[in-house]
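This report is for a reader who is new to the structure shown below. It takes up a helix, a charged residue, a ligand site and a loop residue in turn.

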Amino acid sequence: MTTDRLAGFSHTPIARLVGVPAIPVLRRHTPGAPLLDGPALVGAVGAGTFAKQARALLGEAGIVEAGNDGKVAAVVLDAAGASTVDDLSTVQAFLTPAVRRLAPSGRLVVIGPLVGGDPEAAAVAQALEGIVRSAGKEVRAGATANLLVVEPDANIESALGFFLSGRSAYVSGQVVRVGASVSGAPPADPERPLTGRLAVVTGAARGIGAAIAATLARDGAGIVAVDVPAAGAALSEVANRAGGTALQLDITAPDAAERLLAHVRERHGRLDVMVHNAGITRDKLLANMDADRWNAVLAVNLRAQLAINEALLGSDVLGETGRIVCVASTSGIAGNRGQTNYAASKAGVIGMVRATAPRIADRGATINAVAPGFIETEMTAKMPLGTREAGRRINSLRQGGLPVDVAETVGWLGSSASGGVTGQVVRVCGQSLLGA
Ligand code: NAD
């Protein structure tokens, strides 16, 4: 992993003197930290059902509601009742003074209705996306803006808690649908929300996978760390640090799914969170692409996930609040030069997630995709300097994400409490201009 030297320099007196804008230091979750660093402003357009849920969550977390002036750590607007263009004026009248008060690393979370109904209501629901995505590009100093699109019977506690917290430091400009929960309950210990859950993480020997194993373990999960035999030494270290077990397995092997399930069944009886993180790149322009590069990428990034999911869902190994989290990429959304094979595999993962979600809802399981943008790893450290620097800066937070940012998002989706979020794609990209 390389260090972002410009970010460090931007905080020096010389940088200030020559007018280099400071690159924000993001507020990231640390165990024991409060949900927010200050008061929250809550408003509603219409009935305010979700504002009530927001106030309950903030109250439980010991966060006070803001008065009429001063900085606020978060702005939460329940606009689920908005259906007319006049309602949008009410939204603007609330948000304009509110965003002026947003503190560094502040959070703007808007709750909106599903796009549907009559043309004006649909226009208004969609307009909220435009507002939030634009606000994400305007807010400063590490603040983020996200939209929860809610079904009328949604429980937003888990999603709202994530987007307010430091766990979502590098997640901005996202639209996430929240429905009625297919299963699960709030964690008994909010500090360790994955207590008692067993998570399998593929590609865990290094990079993002190692961060996922460590973060899920920090939050209480038992870990089975999976990687190829060649990465065995690093894999054991990751597994030991996480207090879990290592399974050396090439996930493209014909018997991989069978061996994975057998390991889990014998050692743990069941599994609660399946994290498909292993992935490779073999970049070439389409005009120069060969079958080996094509097939290798599709085999690891897509075929293996399809095969493991099929085996998992055809068995009784997935627990009652099973959560499948698939690591995709913004390349699978926006496309990327030299990556037709990689983008095919990652877009394919998104298609698989959308088709699988409704099929597993009745067994209480969810499946979601996390799409990282530019993350500081060995993979991105190998990029040429110019490409790397561009990748880091072309997002609203003006920096690359850290592996832990992806891991925190995986942890949120893997929680038993996140049963209302399924079939979604959450980008962890600092609101990258690519794939927006
Ligand atoms: P990485 O190359 O550092 O780690 C990937 C791990 O997967 C390695 O430990 C590797 O041994 C393992 N792996 C590869 N093939 C395997 C196989 N057949 N069986 C089992 N394990 C296998 O990559 P990373 O940067 O940590 O990326 C992790 C995931 O995030 C990948 O799916 C990648 O496509 C995705 N992603 C990364 C970025 C980024 O900026 N780093 C951006 C978008 C998406």
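Which residues of α6 are buried? They are S158, A159, L160, G161, F162, F163 and L164.

## Basis of the model

This is a predicted model, in which local features need pLDDT of at least 70, side-chain atom pairs count only at pLDDT 80 or more, and totals for chains, interfaces and linings use all residues. Residues are numbered from 1 along each chain as its sequence is written, and side-chain values use heavy atoms, with hydrogens and water left out.

## Helix α6

Buried means under 20% relative accessible area, exposed over 50%, and partly exposed in between (1.4 Å probe, protein chains only). Helices (H or I, at least four residues) and strands (E, at least two) are DSSP runs, numbered from the N terminus.

The buried residues of α6 pack against the helices α3 (49-60) and α15 (403-414). They also pack against the strands β2 (72-78), β3 (102-113), β4 (144-150) and β5 (175-178). Contact here means heavy atoms within 4.5 Å.

## R101

R101 sits in the loop between α4 (85-100) and β3. R101 is buried but has no salt bridge, a term for a side-chain nitrogen of Lys or Arg within 4 Å of a carboxyl oxygen of Asp or Glu. The nearest side chain of opposite charge is D69, 5.5 Å away; Lys and Arg count as positive and Asp and Glu as negative, while His and the chain ends are not counted.

The R101 side chain does reach the backbone oxygen of N68, at 3.4 Å. Leaving aside residues up to four places away in sequence, R101 touches L41, A66, G67, N68, D69, G70, K71 and V72.

## The ligand site

There are 27 residues around the ligand, of which R206, I208, D227, N277 and Y342 come nearest; a residue counts as near if one of its heavy atoms lies within 4 Å. A ligand oxygen is 2.8 Å from an N or O atom in the side chain of R206. A ligand oxygen is also 2.7 Å from a polar backbone atom of N277, and one is 2.5 Å from an N or O atom in the side chain of Y342.

## S396

S396 is in the loop between α14 (385-393) and α15. Its side chain makes a polar contact with the side chain of Q431, at 2.7 Å. A polar contact is a pair of N or O atoms within 3.5 Å; within protein, one must be able to donate a hydrogen and the other to accept it, and residues adjacent in sequence count only if both atoms are side-chain atoms.
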